[in-house]
Amino acid sequence: MNPMTNVKNIAKLSQQQIDSNHKTSWHDEYKSSAWIFIGGLPYDLTEGDVIAVFSQYGEVVNINLVRDKDTGKQKGFGFLCYEDQRSTVLAVDNFNGIKILGKTIRVDHVKDYKPPKISKRTDEETKKLRLEGCAPNKN
């Protein structure tokens, strides 16, 4: 599906929710995940740049900007995890369809995030994050 169509569909869902009297939200389907998908990012943004933008709606605890294995260049999309799942609702509602450096980005929930496989080049801190998860344990 065209990325702009996805942006419009998410905006339409949000407006339908505002117009209806239902007590539940379409976001409720994703309440078990603090991960969001970010697509259409300008290629020259770094992880720090994305964190700076998305930290407006909550504390970012993990980010995975997908990169080309050979060149290491960013591919224009990635995944971000918030400390609090409620931040994902704010990010999806407010960032989906905005322009960053002239490119319209797409932001959506991720139901079942699967971290990348651990390779020989994965550092110890990243391995720990992938094994234990991205959000703090509230036990």
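Guide: Two strands pair if DSSP finds at least two bridges between them. The model is predicted. With that said, S2 and S3 form a hairpin.

Visitor: Which residue in the turn of the S2 and S3 hairpin has a positive phi?
Guide: Six bridges join S2 to S3, and the two run antiparallel. Between them, the hairpin has six residues. In that turn a positive phi of about 80° belongs to Gly72.

Visitor: In what order do the four strands of the open sheet lie?
Guide: The edge strands, each pairing on one side only, are strand S2 (60-67) and strand S6 (106-109). The twist from one strand to the next averages 20°. The pairing is antiparallel, and the order is S2-S3-S1-S6.

Visitor: How many of the nine residues of S3 are buried?
Guide: A residue is buried when its relative accessible area is under 20%. S3 is mostly covered, and its count of buried residues is seven of nine.

Visitor: What angle does the direction of helix H2 make with that of S2?
Guide: Helix H2 (residues 47-54) packs on the sheet. Its contacts there are with S1, S2, S3 and S6. With the direction of S2, the direction of H2 makes about 135°.

Visitor: At what angle to S6 does helix H3 run?
Guide: Helix H3 covers residues 86-95 and lies across S1, S3 and S6. Relative to S6, helix H3 runs at about 150°.

Visitor: Is Ser87 buried or exposed?
Guide: Ser87 lies in helix H3. Leaving aside neighbours within four places in sequence, Ser87 is in contact with Tyr57, Gly58 and Tyr82. Of these, Tyr82 in S3 has Val60 opposite. Because its relative accessibility is 7%, Ser87 counts as buried.

Visitor: Is Leu101 buried or exposed?
Guide: Leu101 is found in the loop between strand S4 (99-100) and strand S5 (103-104). The cut-off for exposed is over 50% relative accessible area. Leu101 has 62% relative accessibility, so it counts as exposed.

Visitor: What is the phi of Leu101 near?
Guide: Most residues other than glycine have a negative phi. Leu101 is a residue other than glycine, yet its phi is positive. The value is near 50°.

Technical notes: Residues are numbered from 1 along each chain as its sequence is written. This is a predicted model: local features need pLDDT of at least 70, side-chain atom pairs count only at pLDDT 80 or more; totals for chains, interfaces and linings use all residues. Side-chain values use heavy atoms; hydrogens and water are left out. Buried means under 20% relative accessible area, exposed over 50%, partly exposed in between (1.4 Å probe, protein chains only). Axes are lines fitted to C-alpha atoms, for helices over the stretch in contact, and angles run from 0 to 180 degrees between N-to-C directions. Contact means heavy atoms within 4.5 Å.
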